[in-house]
Amino acid sequence: KSGEKQKSGLVLFREKWYDYLIGVSMQQEGPDDHQIPLRRLRSMRQQTTRISPEDISRQLQYCREVAALSAARPAQPLAFVDTYGCQQNEADSERIRGYLREMGYGFTQDEEQAQIIVLNTCAIREHAEQRVLGNLGALVHVKRRHPEQIICVCGCMAQEAHVAEKIKQSFRHVDLVFGPHALWRFPEFIHTLLTQRGRVFQVAEEAGSISEGIPVVRQDRVKAWVSIMYGCNNFCSYCIVPYVRGRERSRDPQAVLAEVRELVEAGYKDITLLGQNVNSYGNDLDIGYHFPDLLEDIDKIPGEYLIRFMSSHPKDATYRLFDVMAKSSHVAKQLHLPVQSGNDRVLREMNRRYTRAQYLDLVNYAKRVMPGLVLTSDIIIGFPGETEAEAMDTVSLVEEVGFDALFTFIYSPRPGTKAAAMPDPATREEKQKWFDKLLEVQNAMSAKLHAAYVGETVRVLVDGKSDDPDYPLASRTEGNRLVRLKGDEALMGKFVDVKITGSNTWALYGEAL
Ligand code: 5AD
Ligand code: SF4
């Protein structure tokens, strides 16, 4: 009903606009035809596109042309980049902001002030998609007040053909839709919109692209993200990521090393290497260079900084990785190793390709070579066909491992994935009950592990302000545990020793020494 309302409202002010399609970008089939056959996707493995330096210079030329238009305006135009989802999206938004800065735009958090609004979206669970669609719907009214505004949707949802189709038909206030593969062409799209009227949809399915030299505007001055690879080949049966982010493709090690070196020289202290599965870094490069080699080389860069990475797939994590972590001086003794389930049948149905015993063996080895290792994980409760006993196997694994923290999710069907077609007899209430049990066990574990810090002296990196007036600073241990801190703002961005004076399930409390 509300869709109808939006549609009729929009026709009022956009009726003369026509659709301008760049390339073969839209699929016109019905809503259920968006699934890309698995075989075809897999065959795209070797077809990732390396974007040439000339192509990026052409985009920077578009930036200069748009900047000339920006300079002719009475005031500097502003852009609002709204990011949903994971760190990869945060990193992509930093590149979108980089391009926008080159196009002469400043930044705002207020959609009423923005000439360009970019929603960088997430498709991992239905809830994430609904939030985006709700916020996108609300922008109808904003745009009615500012008809010259350009509204863009990018990220993982944009790459789902049924979403792009829905936006095309029902969200006619959206001017530009582009998937992660086409991010490098953002200036060209904005140039088209500013110089010709119309809408741009660039959501063609492809194995993916990889590009160097896109400018970035980083959001933080202490912490930085460095993407080392893009895409995923794993096809876990519940997951939409391989469909929207394409096949695995690794950046050239020299480019990654140069970026980390630059960040360290610029004073960044906490650098996270990003990839859907960093443990398969280098497999597509065919140069016999893998993730542990990259970690070893990064560790040689001199300076006072920490290196983290995420995510790691257990099937590709090796003893060698943990040995390299253990002997390095900059790699944080922290590991995010998503297990998803503690039951072998469910793990098989999820297509995870490891067993509970193999996972336990890995974490036991990692803990042995890195005493004090901070270990976190992702868990899905209520996978199709999961029984109560199988969910309780996950709870018992969590008790056995003793994770410092967990990211827990109730299974959300993603259209087009294998799991979405599996029978799913358990009710929402049952799944919620299993989920609550898991949280109860984990919260008790986190509180216990945190309490053990009280009285200890630990080194932290002060990285922000806290909302607690008694503990005005936020900081992180090497293991990435939050420490709320009494201390002076001058400590911001510095490593300091702190005495831990208190704790609860979610945080530690301390005083700078
Ligand atoms: N439903 C619930 N959780 C999911 N995740 C990925 N896909 C789904 C889904 N369909 C979770 C996994 C993954 C994390 C990033 O999100 O636990 O590790
Ligand atoms: Fe999704 Fe599995 Fe790839 Fe992670 S490894 S992005 S869960 S398919």
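**Reading a helix and a ligand site**

Author: Keep in mind that this is a predicted model.

Reader: How many residues does helix α9 have, and what does it reach from its first C-alpha to its last?

Author: The general idea is to set the span against an expected one, taken at 1.5 Å a residue. Helix α9, residues 253-265, has 13 residues and reaches 18 Å, close to the 18 Å expected.

Reader: Which residues of α9 are buried?

Author: Buried means under 20% relative accessible area. In α9 the buried residues are P253, A255, V256, L257, E259, V260, L263 and V264. Their cover includes the strands β9 (223-227), β12 (270-274) and β13 (306-310), and also α10 (291-299).

Reader: What follows α9?

Author: G267 follows α9, and its phi is positive, near 100°.

Reader: Which residues surround ligand 1?

Author: The shell consists of I124, R125, Y238, Q340, D378, I380, F409, I410, Y411, S412 and R414. Sorted by class, six are nonpolar, two polar and three charged.

Reader: Where are the polar contacts of ligand 1?

Author: For these, look at pairs of N or O atoms within 3.5 Å. A polar side-chain atom of Q340 is 2.7 Å from an oxygen atom of the ligand. Polar backbone atoms also take part: one of Y238 is 3.1 Å from a ligand nitrogen atom, and one of S412 is 2.7 Å from a ligand nitrogen atom.

Reader: How much of the accessible area of ligand 1 does the protein cover?

Author: Ligand 1 has 410 Å² on its own, and the protein covers 86% of that. The elements giving two or more residues to the shell are β15 (374-381) and β16 (405-410).

Key: Residues are numbered from 1 along each chain as its sequence is written. Chains are lettered from A and ligands numbered from 1 in the order in which they are written. This is a predicted model: local features need pLDDT of at least 70, side-chain atom pairs count only at pLDDT 80 or more; totals for chains, interfaces and linings use all residues. Side-chain values use heavy atoms; hydrogens and water are left out. Helices (H or I, at least four residues) and strands (E, at least two) are DSSP runs, numbered from the N terminus. The expected span of a helix is 1.5 Å times one less than its number of residues. Buried means under 20% relative accessible area, exposed over 50%, partly exposed in between (1.4 Å probe, protein chains only). Contact means heavy atoms within 4.5 Å. A residue is near a molecule or strand if one of its heavy atoms lies within 4 Å of it. A polar contact is a pair of N or O atoms within 3.5 Å; within protein, one must be able to donate a hydrogen and the other to accept it, and residues adjacent in sequence count only if both atoms are side-chain atoms. Accessible areas come from the Shrake-Rupley method with a 1.4 Å probe; for residues, only the protein chains shown count as cover. Ala, Val, Leu, Ile, Met, Phe, Trp, Tyr, Cys and Pro count as nonpolar, Asp, Glu, Lys and Arg as charged, and the others, Gly among them, as polar.
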